[in-house]
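Subject: Structure handover

Hello,

Here is the structure we talked about handing over. Please open it first, then read the notes below.

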Amino acid sequence: MVIPSLLGLPADSNEKQPNLFAYVSLKDTRETVSKKHKSKSEIPNGQICKCNLTESRLVGGVTLAETKLPEPITISSSGKYFGITKHQRLSIWKVPDTETERVVFRKITLRHTKRMTVLAFHPIQRIVAAGDSTGRILIWRGFGDKTFASGEGLVSGKIMLNDEEKPGVRDNDDAGSCTTWHWHSSEVNVLFFSSDGAYLYSGGKEGVLVVWQLDTGKKKFLPRIGSPLLYYTVSPDPSLSSISCADNQIHLLKMPSLEILKSISGIKFSCSLPEGYEGFGSGVAFDHSSALVALRTDNYCVQFYSLFDDRGISEVQVCERNHQPGDDVTVVVTVVALSQDGSMMSTVEVKLAEEGIGGLVCLKFWASESQNKKFTLSTIIYEPHRDACISAVAFHPTRRVAVSSSYGGDFKVWVCNDELEQKDVMLQSSGWTCHVVGSYKKKAITAAAFSADGSILAIAAETVITLWDPDKNVLLAVIGETLTPIVMLSFVGKSEYLVAASWGSKPQLSVWTMSKLSVSWSYMLHVEAVACAADLSSFAALALLPESSKCQESIGTTFQGRDGVILLFNPTDPVPVATWSARKAKGGALSFLQVSRSSVEENISGWKPPQTLLAYMNSDHEYVLFDPNGEEIHELNVIPRKDLVDPEERRQFGYASIYGELPEFELKRDQMSWVPSVPSEKPWETIFSGSSHNLPPLTKLCSAFLESLLEKRTAVVE
Amino acid sequence: MAEDLQLQSHVGKSFPIKPKLKPKARTLLQTPESKYWSSFKPHQIPNLVSSIQSLDFSPNPPHLFAAAHSASLTLFSSKTFTQHSVINSFKDVVTCSSFRSDGSLLAASDVSGLVQVFDVKTRTPLRRLRSHARPVRFVKYPFLDKLHLMSGGDDGVVKYWDVAGESVLSNLLGHKDYVRCGDCSPVNAEMFVTGSYDHTVKLWDVRVENSRSVMEVNHGKPIEDVMFLPSGGLLATAGGNSVKIWDLIGGGKMVYSMENHNKTVTSICTGRVGKEGGDEAMQYRILSVALDGYMKVFDYGKMKVTHSMRFPAPLMSVAFSPDCMTRVVGSSNGIIFAGRKKKKENDEPVVRNFWSLGRVEEHRKPTLRPSYYRYFQRGQSEKPKEWDYVVARPKKVKLGEHDKLLKKFRHKEAFVSVLNGKNPENVVAVMEELVCRRKLLKCVSNLDNEELGLLLGFMQKYSTAPRYSGLLMGLMKKVLETRAEDIKSSDALKGHIRNLKRSVEEEIRIQQSLQEIQGIISPLLRIAGRGI
């Protein structure tokens with residue numbers, strides 16, 4: 001929807017308010033439903049209509065255009081023109097000078113041979129730029145000279161121009177000239193003129209922001225953004241602008257230098273995996289105590305995302321490579337594991353071989369100094385299990401010990417040298433070294449888990465569960481077999497139960513008791529994730545609904561679109577305590593989170609927060625937190641806390657803790673000044689900053705400058 | 001703000017290609033101490049006749065040292081290791097020599113039983129002390145005593161001489177076998193020890209009337225050398241394969257026995273580590289040499305051998321200069337293995353500046369005028385003060401040529417440029433990066449003959465190295481498959497292939513022999529493991 005009159009000069013308030021008109025792009029649902037049975041695909045689905053906002057109704061009978069799909073309308077910053085891309089054409093309308101319901105629209109069409117994707121109007125001159133699906137940028141200068149000019153009362157000789165004098169313009173279209181720039185290799189998504197019209201910004205799937213000098217066509221780049229660009233916006237402050245990316249991130253740019261000032265990131269989407277690597281789990285690890293989730297992302301990072309605050313905390317570059325959106329994935333982060341206290345992380349990355357050459361498995365251990373989740377690389381282990389892939393990495397609950405298991409048939413217990421240091425003071429460098437290697441009948445080790453006190457290591461050798469002493473590397477016991485290879489093992493809290501999940505043709509969720517070393521009960525369920533809380537005697541499992549039941553249920557429409565259930569079990573009892581249904585459960589993850597009082601304070605008045613919450617994250621990285629023990633499903637909408645503070649201010653609390661509370665008003669002012677778009681207290685200092693070619697014309701600046709001075713004066717008087 | 005910058009720093013950043021990390025050694029390759037000991041620049045003084053029986057440094061600069069070999073005593077400069085002078089007035093093999101504490105006199109003993117005292121400058125024998133009936137094995141000036149001399153010999157008698165009168169003051173009896181060595185206490189002019197082939201070390205005090213030993217310790221082996229440690233309370237003895245440290249004040253108790261040598265330890269001396277006036281305090285070490293050709297540095301504070309050095313001959317004697325700049329080791333075949341530390345250049349000028357400080361600098365410093373060129377450069381090389389806030393320039397990522405080319409997606413050029421370079425690690429790292437981009441095989445197929453030759457040369461050199469063989473062997477097969485035609489048509493490439501084949505065959509032979517060895521060893525290990 002665009003409202004041209006808002007962009008124009010504001011009318012005097014004394015006059016009678018004219019009707020406010022908007023142009024809306026509609027998806028004509030009514031029509032499609034009625035004509036659905038004819039199944040004619042070419043029937044136009046989108047419409048451009050005019051809408052009287054004052055009386056809040058559509059202006060009857062005015063349909064400017066019909067398109068197959070509803071197209072976004074682009075309007076020029078002066079509010080004089082608006083237009084849409086319509087397959088291989090651009091349609092541009094001129095907004096009538098006096099808006100009434102019945103007015104004749106002037107429209108021109110500019111043609112091209114490729115599908116157009118985006119268009120942009122020049123803020124001052126009559127120039128329109130459009131991007132197409134092959135990455136070309138077309139710039140028409142002087143569009144509508146014939147059609148629109150007469151309306152402006154300009155009678156000039158330009159109308160009489162011959163075709164030869166209109167280079168690049170097709171089919172006698174109404175434009176002065178058309179130039180084509182081609183740099184992008186795939187479709188252009190972002191096209192925008194700078195506020196003074198000297199530059200054109202373009203971006204696309206490559207994740208490179210290109211700045212074109214409009215007069216010369218010279219380019220400048222902001223490369224390696226890492227994901228396709230979606231939108232670009234300039235702020236009123238000419239030195240700031242922002243781009244949004246397909247990976248749920250917004251970057252604030254400092255304009256003349258194209259420097260990224262700040263990135264605001266949402267939860268990253270699940271990354272695409274090459275064939276044969278889908279089965280490697282979801283690549284999601286939860287930090288129970290601080291309610292963080294570690295996700296692998298497309299650009300070889302692990303993102304730490306706070307579930308309570310709903311914001312990204314930090315990102316760790318696991319593999320020092322630049323991600324090129326659109327390239328096939330050749331390096332995969334297969335496993336992400338966090339220690340119980342969240343201070344250590346382990347990642348496994350696999351470099352895929354090119355025709356059998358150069359494959360590499362790499363195990364990395366990371367350590368964070370404090371609770372700020374800034375992980376630094378501690379140890380790299382190349383090919384930890386020869387060339388076999390690692391199936392799981394598990395951390396010891398209390399000590400700096402980890403176990404990695406591989407499909408190559410062995411598992412290794414790794415010990416951080418800090419532990420050894422007590423014995424030998426001479427060892428200065430801290431790092432992880434292999435402590436013991438174990439294997440069971442040369443079978444592929446598919447899962448590993450430490451018990452709650454760390455005294456027992458459970459190792460799944462394909463279908464057999466074996467119990468080991470992690471220190472002495474002694475096989476303690478072998479307990480029964482499942483039908484298909486086990487993919488997950490987990491001890492249920494401090495209890496004597498062990499949960500195993502196996503996939504394959506005969507999937508199984510089985511609960512084993514350690515006291516009898518036998519199976520306690522089991523279900524024939526394909527379990528996608530298992531979560532156990534350390535201090536709880538129950539566990540939760542995310543099960544995919546079997547195909548057969550899905551068919552039956554779909555008739556009853558109980559599970560509309562839902563393919564999974566979350567089951568809460570008490571290990572002593574095979575009957576689930578509670579069940580919830582879930583969407584997109586394949587590739588989902590599940591975890592219990594410990595709730596500290598402070599983190600959910602006063603979220604919901606009159607409702608006491610539970611001790612533990614269950615977090616469910618589906619394959620699209622949408623998550624929900626809920627209380628597993630509540631009677632009704634109390635979906636906890638965790639609102640970002642009001643006292644959510646930026647790290648900058650958090651430091652002030654440290655200051656305050658030393659020197660006592662600062663006066664209240666000072667804090668507030670800091671908060672204000674932190675918002676980047678708010679101009680600083682001395683606007684006259686910033687008005688002329690930036691390179692001269694980027695500044696608005698001096699005539700504009702001068703008035704702003706004087707205005708700022710005047711404002712300042714009044715502020716002082718107050 | 002800095003935190004935020006860090007947070008998003010990976011956006012827009014380019015990563016240079018890094019080779020795989022090498023495993024770090026758990027222990028440092030070179031401890032600071034072994035670095036110190038190996039910092040002595042080696043120098044050989046060859047062509048001396050027969051074995052070097054004894055080495056002794058003059059206590060005052062320039063620290064000449066005397067080497068006793070055959071029937072002569074040679075003085076060397078400790079700076080240049082050139083021969084300073086030779087004393088030849090011996091009838092028989094010289095066994096031992098000792099400088100007086102002021103460095104102007106030198107006493108030397110020989111097998112004929114004669115002890116002579118020479119003037120170091122004129123080389124004339126000033127005194128001849130004749131009393132020993134058998135070869136004299138050791139002679140020594142007492143600590144800060146210019147008038148007396150100690151000597152001991154194969155007759156088992158230790159004599160205390162009045163040098164000026166050429167007379168024996170006292171005959172100290174008690175050793176039942178040849179007296180081979182001895183040392184004077186560094187804190188007392190009257191106390192000294194002697195070691196003998198009867199396994200004992202006796203502590204003498206010439207003030208004691210009845211000329212009996214004050215204390216006696218038993219080493220358990222014929223004693224080759226004995227020495228007071230600088231504190232004067234500890235004693236080190238060398239005999240058999242061991243060096244033992246004794247506590248004299250504690251009543252002759254053994255403190256430690258160092259048994260790191262494989263053959264008889266022939267000589268010991270004290271050495272010092274650490275800089276004079278440096279942060280670390282000077283620490284004393286025992287240097288021991290043995291017939292096995294090793295010189296070991298023993299830290300008797302930590303009771304640990306801190307450095308070990310091998311020489312290609314059985315070693316007979318060792319000495320360390322008092323200024324810590326030179327150490328010399330004498331071997332049995334007439335070679336002196338000397339070593340000298342490099343002098344720090346800044347030492348001397350600093351001293352000189354002290355004399356001429358102030359006045360000179362004042363009038364040297366010219367006032368800068370705008371007509372000088374330097375006027376416009378003033379202050380540019382100013383170092384930041386301690387309290388200055390330094391605005392650091394963002395660190396530039398150093399990109400190699402191949403990195404720049406890879407950034408521009410010019411894969412083949414990058415590949416060729418890194419092959420032209422010297423570093424095999426970088427070549428392999430670029431190969432791995434190309435694998436990640438799925439471009440390696442395309443690059444290989446695009447190489448022209450000359451570049452292919454380069455690649456094959458690299459392969460021949462490194463494909464058998466265990467670090468790279470995993471990647472390179474696979475790549476080599478592919479190269480041979482895809483470029484067979486080109487290789488057949490070019491003689492140069494054929495030559496490369498021949499070399500390659502040879503190196504692979506060599507590697508296979510090595511592997512086979514290693515496997516044989518493993519086959520021999522593994523049952524032994526199995527048995528050994530069972531025994532435990």
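How many residues does helix α7 of chain B have, and how far does it reach from its first C-alpha to its last? Helix α7(B), residues 424–436, has 13 residues and reaches 19 Å. That is close to the 18 Å expected at 1.5 Å a residue (the expected span is 1.5 Å times one less than the number of residues).

Some ground rules. This is a predicted model, where local features need pLDDT of at least 70, side-chain atom pairs count only at pLDDT 80 or more, and totals for chains, interfaces and linings use all residues. Residues are numbered from 1 along each chain as its sequence is written, chains are lettered from A and ligands numbered from 1 in the order in which they are written, and side-chain values use heavy atoms, with hydrogens and water left out. Helices (H or I, at least four residues) and strands (E, at least two) are DSSP runs, numbered from the N terminus.

Chain B, helices

- In α7(B), 13 of the 13 residues are buried, so the helix is largely enclosed by the rest of the structure. Buried means under 20% relative accessible area, exposed over 50%, partly exposed in between (1.4 Å probe, protein chains only).
- At the start of α7(B), a side-chain oxygen of B:Asn423 comes to within 3.0 Å of the backbone nitrogen of B:Glu425.
- B:Arg438 follows α7(B), and its phi is positive, near 60°.

Chain B, a strand residue

- B:Thr306 sits in strand β25, residues 304–310. Its relative accessibility is 22%, so it counts as partly exposed.
- B:Ser34 is 272 residues away along the chain, yet the two C-alpha atoms are separated by 6.8 Å.

Chain A, sheet

- Four strands form an open sheet in the order β33-β34-β35-β36, with antiparallel pairing (two strands pair if DSSP finds at least two bridges between them).
- β33 (445–450) and β36 (474–481) stand at the edges with a single partner strand each, so one side of each has no neighbour in the sheet.
- β33(A) and β34(A), residues 457–461, are joined by 5 bridges. In β34(A), A:Ile459 is the bridge partner of A:Ala448.

Chain A, loop

- A:His112 lies in the loop between β7 (106–111) and β8 (116–121). At 8% relative accessibility, A:His112 counts as buried.

Best wishes

Terms used
Polar contact = N/O pair within 3.5 Å; in protein donor to acceptor, adjacent residues only side chain to side chain.
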